[in-house]
Amino acid sequence: MVKQPVSVNGVVRWKDVGLADQAKSEQKERKMVVLRHEIGDVLRDVRQRQGRTLREVSHSARVSLGYLSEVERGQKEASSELLSSICSALDVPLSSMLREVSDRVAVAEGVAVPDTVPQEFSQRYGRDLERDLNAELTNELSTGLLSGAR
């Protein structure tokens with residue numbers, strides 16, 4: 001297998017290329033990703049990491065306990081308004097929850113998710129960010145050194 005860069009929405013990802021027959025058979029063997037299952041898994045994981053019960057979250061989100069349970073089990077498709085309410089109750093940004101769902105779907109699809117900055121962003125802002133961070137670091141170091149010398 002050979003890895004080849006593939007640009008998706010401005011983000012370069014590495015994809016295995018080669019052995020077309022093997023790739024086709026692997027795609028047939030993969031199960032279909034059901035978005036509501038992934039969303040439910042992420043919501044349940046977040047809630048359990050916080051040590052909270054379904055009852056607490058359903059009360060805060062103003063959603064019935066049974067409905068929230070069905071959403072977490074992937075049995076119900078939650079609206080964007082409902083997801084927003086649940087995320088608010090969990091004190092988690094909707095974007096963070098959706099990003100985690102996206103990462104899980106990408107893994108299920110066999111797409112490598114890079115932990116990098118998109119090329120367009122780094123080209124446009126990279127030099128300025130680097131300069132600003134270096135200036136800030138230098139300032140903090142000099143302030144720390146000066147206060148430590150007293």
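**Close-up 1. Arg 44 and Glu 72 meet through their side chains in a salt bridge, with 4.0 Å from N to O.** This pair links distant parts of the chain, for Arg 44 sits in helix 2 and Glu 72 in helix 4, 28 residues apart. Please keep in mind as you look around that this is a predicted model. Are the two partners buried or exposed? Arg 44 counts as partly exposed, because its relative accessibility is 22% and the buried class ends under 20%. Glu 72, by contrast, is buried, with a relative accessible area of 3%.

**Close-up 2. Glu 72 also forms a salt bridge with Arg 47.** Here the N to O distance between the side chains is 2.7 Å. Arg 47 belongs to helix 2 and Glu 72 to helix 4, so this pair ties together parts that are 25 residues apart in sequence. Both Arg 47 and Glu 72 are buried.

**Close-up 3. A network of salt bridges links Asp 41, Arg 44, Arg 47 and Glu 72.**

**Close-up 4. Asp 45 and Arg 104 form another salt bridge, with their closest N and O atoms 2.4 Å apart.** Asp 45 lies in helix 2 and Arg 104 in helix 6, so the pair ties together parts that are 59 residues apart in sequence. How accessible are these two residues? Asp 45 is partly exposed, with a relative accessible area of 25%, and Arg 104 is partly exposed too, at 26%.

**Close-up 5. The largest nonpolar core holds 19 residues.** Within this core, Leu 43, Ile 86 and Met 97 touch the most other members. Which helices build it? Helix 2 (35–49), helix 3 (54–61), helix 4 (65–72), helix 5 (80–90) and helix 6 (94–109) each supply at least two residues. Helix 5 gives the most, with six residues. In soluble globular proteins, nonpolar side chains tend to be buried together.

**Close-up 6. Leu 43 and the residues it touches.** Leaving aside residues up to four places away in sequence, what does Leu 43 touch? The list is Val 71, Glu 72, Leu 83, Ile 86, Cys 87, Leu 90 and Met 97.

Key
Residues numbered from 1 in each chain as written. Predicted model: local features only at pLDDT ≥ 70, side-chain atom pairs only at ≥ 80, totals over all residues. Heavy atoms only, no water. Core = buried A, V, L, I, M, F, W, Y, C linked by side-chain atoms within 4.5 Å. Buried < 20%, exposed > 50% of the residue type's maximum accessible area, 1.4 Å probe, protein only. Helix = DSSP H or I, 4+ residues; strand = E, 2+ residues; numbered from the N terminus. Contact = heavy atoms within 4.5 Å.
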